Amino acid sequence: MAEKVVGKGIKRTEDPRLIQGLAHYVDDIKLPDTLHAVFVRSIYAHARIKKVDVAAAQKTPGVVAVYTGKDISQKIGPVPCGAAIPDMKQPDHRVMATDKVYWVGHPIAVVFAENKYVARDAADKIEVDYEELPVVLDEEKAADPKSPVIHEKIGSNIAYKLTAGEGDIEAALKAADKIVRQKIYHKRLAPIAMEGRGVLARYYPGEQELTLWTSTQIPHLARTQISLMLGFPENKLRLIAPEVGGGFGSKLNVYAEEAIMAYASMQLGRPVKWIEGRRENMQGTIHGRGQVGYIEIGCKKDGTITGFRYNVFADMGSYFQLLTPAIPTLTGLMLSGCYKIPAIQMNVTACFTNKMSTDAYRGAGRPEATYVIERAMDLVAAELGMDVVEVRRKNFPEPFGAENPFKVATGLFYDSGNYQGALDKALKMADYTNLRVEQKKARAAGRLIGVGVSTYVEICAMGPSPALPAGGWESATVRIEPTCKVTILTGASPHGQGQETSFSQIAADELGVTVNDCTVIHGDTAVVQYGIGTFGSRATAVGGTAVYLALQKLKAKATGMAAHMLGVDAKTVTFDDGKFTSGGKSVTIQEVALNAHLAKNLPADMEPGLSATTFFEPKNFTFPFGTHICVVEIDPETGEIQIQRYIAVDDCGKVINPLLVHGQIHGGIVQSLGQALFEEVVYDEQGQLISGSLMDYAVPKAAQVPWMELDRTETPSPVNPMGVKGVGEAGSIGATPAIVAAVVDALAHLGVRHLDMPIKPEHVWNILKKNKAGAA
Amino acid sequence: MIPANFDYITVKSLDEALSLLAKHKDDAKILAGGHSLLPAMKLRLMQPKVLIDIGKIKELSYIKEEGGQIHIGAMTTHFQIETSALLQKSCPLLPETATQLGDMQVRNKGTIGGSVAHADPAADWPAAVIAVGAEIVVIGPKGERAIKADDFFVDMLTTSLQPGDLVKEVRFAAPKGKTGQAYMKVRHPASGFAVVGIAVTLTVDGGKCSASGIGVTGVSSKPYRAKSVEAALKGSALDAKSLAAAASHASDGISDAISELYATGEYRKHLAEIYTRRALETAAGRAK
């Protein structure tokens with residue numbers, strides 16, 4: 001009997017083409033006669049455009065067209081925002097600037113030429129006259145009525161105010177023995193997908209077919225939105241997400257450049273291509289995070305939490321992109337962490353600033369929530385002189401599941417969890433008790449060792465449709481071809497996560513075929529039924545479930561056909577290892593597949609073919625969780641931080657491929673490490689992006705990444721039949737607080753209780769220096 | 001990331017390179033390994049009209065010892081220096097510097113001549129060539145001349161190379177006697193360049209320091225020789241206390257320390273002192 005492959009860490013079927021450089025990203029797709037586009041972008045954060053002179057650019061040999069904002073911004077619909085908050089103020093976000101520029105990188109003009117070199121030369125010849133305006137950069141100061149106003153029509157910089165949460169927060173804080181307060185920053189981060197954005201557009205006027213290759217996480221949603229922007233029929237617009245070199249949320253969006261290329265290809269009658277450069281990527285692709293908030297947490301003397309309040313200013317940037325205003329609401333949903341907190345309140349003031357829009361970046365609002373509640377738990381522990389583990393344990397709910405979901409004061413019902421189990425396992429791996437003994441000894445010897453613990457829970461498998469702006473279901477079609485090869489069409493749009501492998505594993509087990517018999521097709525709207533896409537750790541829990549359910553439909557039909565072929569009642573037929581058996585007689589799935597297509601021996605009421613489609617609507621989100629423990633040592637002379645150990649126990653429900661799960665955890669922890677210690681998008685006082693290249697913006701490199709000791713617990717989700725939860729963002733949610741806590745802990749004896757990210761060695765050195773001066 | 005238009009000429013001999021340089025003057029740039037020049041061109045920070053690729057000149061790639069002098073051809077790659085048995089034996093400071101320079105791809109393509117000619121204030125080689133008291137041998141329209149490394153680096157991205165010059169080799173006296181060396185570096189987390197880089201070579205005679213060379217990079221707009229450290233070391237017993245005392249002078253007289261997002265000038269100067277002490281301790285431990 002063939003071995004089952006679900007649960008096995010098989011290598012990704014995607015990898016050979018990626019490793020050998022044989023994959024096709026947008027820029028690898030070459031069409032004859034393609035024009036290349038280069039944008040002219042604002043060099044000021046806030047300015048009036050007095051004049052744009054394109055004459056010299058237009059005269060440059062090889063230039064076919066130059067568009068300014070004035071030329072096209074009324075011919076293409078606004079850049080869409082899919083999120084709606086009550087009383088939200090939404091600026092009219094046109095595809096290019098017309099009268100004013102709002103951030104460094106705001107597109108002003110675009111050149112189309114025979115090649116990218118000519119296009120760039122011509123772009124350099126475009127002269128823009130600016131009249132500089134005062135800039136608004138700080139999301140907290142932006143709310144001040146005395147601040148300059150970015151969008152005159154809106155009249156203030158406040159995009160919206162929102163209060164969320166349940167329970168009587170005032171009473172809860174009043175009932176506390178202690179209240180701990182802290183201001184906390186979540187600096188802007190750049191997603192830095194290895195492949196930047198890129199668009200290729202081709203229009204066939206005869207067929208009236210527009211094809212758009214674009215590096216996106218959401219091919220169908222992007223097609224709908226771009227068709228609306230262009231006023232072009234959705235069913236004549238084919239959108240293809242070819243190989244996509246990472247997204248991390250930055251491609252969960254619809255960008256001006258996509259619509260501009262589509263428009264230009266129709267106007268110019270030639271294919272047009274735009275490939276984003278890295279500097280453009282850092283200026284003009286969405287940023288993540290961007291919050292500054294104030295926490296207040298109330299506790300009893302024994303560590304019991306009574307209430308938690310988070311007053312936060314959220315930095316929107318100058319315009320909304322697809323989900324910009326929704327991101328802080330995700331923070332609000334997860335403020336309870338994995339703790340019983342009777343009352344929670346979040347007050348958001350979302351503000352416009354003269355910067356690129358923020359939007360979903362790996363975790364999208366949830367890392368902020370996990371970070372503030374985990375920092376708060378540490379602050380409570382410090383205030384009460386309790387161990388950070390004990391204060392967490394004190395507030396954990398008992399293990400729960402389908403029968404007794406965990407209701408938290410943000411309105412959510414967590415699906416299943418056993419927080420003690422993951423914590424215990426991680427503590428054992430770390431030998432926590434001994435770590436504390438060692439830490440004490442080291443401190444006595446003048447060494448600075450810190451231990452940080454984070455117990456996190458996250459919200460995944462986005463999600464029930466009522467909770468998402470454009471539907472939260474996912475689709476799958478599974479076809480068994482005449483030769484019994486299996487074709488899986490998924491509405492999810494994996495771009496590095498490995499679902500071509502894991503979905504094949506699901507199909508292989510269900511149908512008794514091999515992984516190599518299966519192929520997964522995604523990302524082409526002309527081939528794949530409508531779907532939602534890959535984000536919010538949803539592709540497996542929602543998209544994979546759709547595949548699983550389509551397989552069940554298919555098996556039911558195949559069983560009926562096999563019964564007919566065997567001349568028996570379908571109820572007597574069993575299916576195992578690719579064979580339908582009844583009373584000693586059997587027929588293979590290969591024979592059934594061929595019979596289904598030859599259609600000469602079908603039951604009277606059965607259609608030919610073997611294909612099934614499912615649209616799966618989840619009833620709830622899923623809630624993966626885990627414990628991360630980080631051990632750091634700080635150089636007492638320089639403040640440099642070295643991660644000595646990193647332990648992570650994650651629970652993402654049932655695991656289809658542990659190798660893929662580890663890969664996701666590794667990557668997430670690395671991005672957390674970047675946020676905790678290195679990464680920060682920095683604009684100076686004039687709004688110039690001074691972290692605008694990878695020479696300044698420090699994405700962790702392999703040599704900066706510690707060894708990670710990984711394990712997991714497995715608490716199945718009751719939300720879907722496979723019990724899977726999702727793991728794409730866990731590392732980027734759970735790890736940041738552990739790393740920060742470890743650094744803080746190493747300095748705790750000096751009275752340090754909190755440090756803001758990214759924690760740079762110089763900052764630590766300043767603390768050490770001050771302490772030394774004080775001691776002397 | 002789209003460079004401006006340029007002509008590309010590949011040459012097979014030094015003479016050919018020099019005559020082209022003479023012809024195109026300031027319009028031309030010499031392309032060695034390309035790992036500094038090409039990124040600058042892609043950002044259009046540099047827009048040379050002519051690139052003269054000297055990568056095929058075999059006569060510029062060598063590491064040899066002649067009459068007590070070590071000669072390293074300008075086109076010798078970082079990797080060749082890293083793995084040179086001659087240097088590992090006679091001047092391990094250079095291989096140790098090379099191992100901390102860039103990444104594998106950079107070390108395979110980048111050259112010592114290209115690096116010193118580019119004069120990035122945070123590059124690694126300048127510290128090492130100053131420490132070993134090297135001369136940069138330059139060839140130009142009027143023939144060859146040798147410039148002391150201390151005089152070669154003038155300012156950020158500026159050397160004493162004149163129009164029409166190119167770097168031919170780096171040469172220095174092979175260390176003699178009981179010598180200990182070390183290169184220590186704090187890497188910038190984004191660029192990998194030196195926040196500080198300290199190159200040390202010590203000679204010990206009768207348990208005392210008879211000579212030393214200390215090169216510092218990353219701290220100031222140009223790499224420099226830490227003369228006060230060298231002076232303090234002269235005749236010292238190389239015990240922990242005297243090394244620390246000497247190292248405390250590592251940033252003496254530096255008024256233009258680089259400040260950027262990752263580290264301020266004040267912190268850089270502090271790091272220079274700490275890492276000078278550590279490099280001295282390592283080098284002293286190796287002096288046998």
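This is a predicted model: local features need pLDDT of at least 70, side-chain atom pairs count only at pLDDT 80 or more; totals for chains, interfaces and linings use all residues.
Over all chains, 20 aromatic pairs turn up in a search of the whole structure. Tyr44(A) is partly exposed, at 25% relative accessibility, whereas Tyr130(A) is buried, at 18%; the cut-off for buried is under 20%.

Elsewhere in chain A, ring pairs connect Tyr339(A), Phe396(A), Phe400(A), Phe406(A), Tyr414(A), Tyr419(A), Phe623(A) and Phe625(A) into a cluster. Rings also meet charged side chains. Arg538(A) lies over the face of Phe535(A), 5.2 Å from the ring centre, and the charged end of Lys769(A) sits over the ring of Trp765(A), at 4.0 Å from its centre.

Turning to the interface, 30 residues of chain A are in contact with 24 residues of chain B. The two chains bury about 2,200 Å² between them, and carbon and sulfur atoms account for 55% of that area. On the side of chain B, Ile2(B), Leu261(B) and Tyr267(B) together provide 28% of the area buried against chain A, more than any other three residues. Charged and polar groups take part as well. Six salt bridges are counted between chain B and chain A; the side chains of Arg277(B) and Glu637(A) meet in a salt bridge, with N to O at 2.5 Å. Polar contacts across the interface involve 15 residue pairs, with both residues at pLDDT 80 or more. Helix α12 (residues 265-286) of chain B gives the most to the side of chain B that touches chain A, with eight residues.

Thr306(A) has its place in strand β14 (residues 305-317) of chain A and is buried, with a relative accessible area of 9%. A polar atom of the Thr306(A) side chain lies 2.9 Å from the backbone oxygen of Ala172(A). Setting aside neighbours within four places in sequence, Thr306(A) is in contact with Ala172(A), Ala176(A), Gly298(A), Cys299(A), Lys300(A), Pro342(A) and Ala343(A).

How values were computed
Residues are numbered from 1 along each chain as its sequence is written. Chains are lettered from A and ligands numbered from 1 in the order in which they are written. Side-chain values use heavy atoms; hydrogens and water are left out. Rings of Phe, Tyr and Trp (its six-membered ring) pair if their centres lie within 6.5 Å; planes under 30 degrees apart count as stacked, over 60 as edge-to-face and the rest as tilted. Buried means under 20% relative accessible area, exposed over 50%, partly exposed in between (1.4 Å probe, protein chains only). A charge sits over a ring if NZ of Lys or CZ of Arg is within 6 Å of the ring centre and within 35 degrees of the ring normal. Contact means heavy atoms within 4.5 Å. Buried area is the accessible area (1.4 Å probe) that two parts lose on being put together, summed over both. A salt bridge is a side-chain nitrogen of Lys or Arg within 4 Å of a carboxyl oxygen of Asp or Glu. A polar contact is a pair of N or O atoms within 3.5 Å; within protein, one must be able to donate a hydrogen and the other to accept it, and residues adjacent in sequence count only if both atoms are side-chain atoms. Helices (H or I, at least four residues) and strands (E, at least two) are DSSP runs, numbered from the N terminus.
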